[in-house]
Amino acid sequence: GNFEPENGIRIWRTAAQLGSREAEIRLAASRLFESFVSSDRQKDFKFLLKASKEGSLFAMVSVGLCYKDGIGTKKSLPEAVNFLRLAAQRGSQFAYEELLRIYDDIRPNDEQFNTANRN
């Protein structure tokens, strides 16, 4: 059947209550990025920042996206790049692709600078 985000969040909540750190991290990220959940964005961001420093790959990617779009913190492309690069080095393909998008956005719109015509 259709996947409902609310079902995933319910599963993560249960896992978090059972002590899953990764579930807590995913819940914080879902509160930051999903409009249907209201949250204290700064509190969730700080939680993800702490989790990323403790080694959570998912939190690193989430923090990078928060910095990229100014969610729960001030927008900062250098910080976004920093966290996404760390996540990419740890093997996150998603983080790597986000980095490419950021670099393409800030690169001058000139043929010699474009690594590939990614449209």
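These legends describe close-up views of a predicted model. Residues are numbered from 1 along each chain as its sequence is written. Local features need pLDDT of at least 70, side-chain atom pairs count only at pLDDT 80 or more, and totals for chains, interfaces and linings use all residues, while side-chain values use heavy atoms, with hydrogens and water left out.

**View 1. The chain is built from six helices and zero strands.** Helices (H or I, at least four residues) and strands (E, at least two) are DSSP runs, numbered from the N terminus. From that end, the order of elements is α-α-α-α-α-α. The chain has 119 residues, and 34% of them count as buried. Buried means under 20% relative accessible area, exposed over 50%, and partly exposed in between (1.4 Å probe, protein chains only). Among contacts with a separation of 6 or more, 38% join residues 24 or more positions apart. Contact means heavy atoms within 4.5 Å.

**View 2. Helix H5 packs on helix H6.** H5 covers residues 77–89 and H6 covers residues 93–106. Their axes lie 8 Å apart, at an angle of about 145 degrees. Axes are lines fitted to C-alpha atoms, for helices over the stretch in contact; angles run from 0 to 180 degrees between N-to-C directions. The crossing of H5 and H6 is left-handed: the near helix is turned anticlockwise from the far one by less than a right angle. From H5, Leu 77, Ala 80, Val 81, Leu 84, Arg 85, Ala 87 and Ala 88 take part. They meet Ala 95, Tyr 96, Glu 98, Leu 99, Ile 102, Tyr 103 and Ile 106 of H6. The residues of this contact divide into twelve nonpolar, no polar and two charged. Here Ala, Val, Leu, Ile, Met, Phe, Trp, Tyr, Cys and Pro count as nonpolar, Asp, Glu, Lys and Arg as charged, and the others, Gly among them, as polar.

**View 3. H6 buries Ala 95, Glu 98, Leu 99 and Ile 102.** These residues cover an arc of only 105 degrees around the axis, which puts them on the same side of H6. The arc is that of the directions from the helix axis to the C-beta atoms. The buried residues of H6 pack against helix H4 (57–69) and H5. At 1.5 Å a residue, the 14 residues of H6 should span 20 Å, and the end C-alpha atoms are 20 Å apart, which agrees. The expected span is 1.5 Å times one less than the number of residues.

**View 4. Ala 87 sits in helix H5.** Its relative accessibility is 0%, so Ala 87 counts as buried. Leaving out residues up to four places away in sequence, Ala 87 touches Leu 57, Met 60, Val 61, Ser 92 and Ala 95. Gly 55 is 32 residues away along the chain, with 9.6 Å between its C-alpha atom and that of Ala 87.

**View 5. H3 has buried residues and, on the other side, exposed ones.** Asp 44, Phe 45, Leu 48, Leu 49, Ala 51 and Ser 52 are buried. They span an arc of only 165 degrees around the axis, which puts them on the same side of H3. Gln 42, Lys 43, Lys 46 and Lys 53 are exposed on the other side. The buried residues of H3 pack against helix H2 (21–33), H4 and H5. Gly 55 follows H3, with a positive phi near 105 degrees.

**View 6. Ala 28 lies in helix H2.** Ala 28 is buried, at 0% relative accessible area. Beyond its neighbours within four places in sequence, Ala 28 contacts Asp 44, Phe 47 and Leu 48.
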